[in-house]
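Visitor: Please take a close look at one part of this model, the metal site, and then go on to the side-chain contacts around the chain.

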Amino acid sequence: MSVFLPDLILKDVTYINEKLLKEHNIKGLILDVDNTLAKHGSQELANHISDWLDEMKKLDVKLMIVSNNNKQRVEPFAKKLGLDFVSMALKPMTYGFGKAQKIFNFENNEIAVVGDQIYTDIMGGNLKGMFTILVTPFSLESHFFFKLKRKLENIHINKYKKRNGVK
Ligand SMILES: [Mg+2]
């Protein structure tokens, strides 16, 4: 299977629930920050995400933030949420995911990576043999490079839709 193909595509993280976790035997969730939990660079957490996090904390699943962003951006955000974190994770390299896996102490296939980018979150998670969940980014970056990347990502998203019969 292609490393660019997510196992699941969801509208946002709040579609992850107890049933979905059980169905895929997921015991640990690795969460991206920028455009997955919050707008790019923002410390603010949307209400629906905050409610979802409260629900997840009640379940038998461990949560951790793994971000390519720097410590100054990630640490205050993670602290506010009461979550452990790995910053400067070098996704799609598997360094950050490996670190999270050791802390979780679960098998790779019991861990899901959740993020908005195919070339970092999804590719890295797939390389590590983790379950991968792509979510729709909060806000699309306007910079040319990001626009190009999103275009390329759509190729893989369309493949996923074709394979899963989603229109
Ligand atoms: Mg992101």
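Guide: Donors are N, O and S atoms within 2.8 Å of the metal (3.2 Å for Na, K and Ca), and water is not among the atoms, so sites may look incomplete. This is a predicted model, in which local features need pLDDT of at least 70, side-chain atom pairs count only at pLDDT 80 or more, and totals for chains, interfaces and linings use all residues. Residues are numbered from 1 along each chain as its sequence is written, and side-chain values use heavy atoms, with hydrogens and water left out.

The donor residues of the magnesium ion follow the spacing D-x1-D-x81-D in sequence. Asp-32 (OD), Asp-34 (O) and Asp-116 (OD) coordinate the ion at 2.1 to 2.2 Å. Asp-32 lies in the loop between strand E2 (28-31) and helix H2 (47-58), and Asp-116 in the loop between strand E5 (111-115) and helix H5 (118-127), so the pair links parts of the chain 84 residues apart; helices (H or I, at least four residues) and strands (E, at least two) are DSSP runs, numbered from the N terminus. Both Asp-32 and Asp-116 are buried, meaning under 20% relative accessible area, with exposed over 50% and partly exposed in between (1.4 Å probe, protein chains only).

Helix H5 also holds Tyr-119, 115 residues from Phe-4 in the segment before strand E1 (8-10). The two form an edge-to-face aromatic pair, 5.5 Å centre to centre with 70° between the planes; rings of Phe, Tyr and Trp (its six-membered ring) pair if their centres lie within 6.5 Å, with planes under 30 degrees apart stacked, over 60 edge-to-face and the rest tilted.
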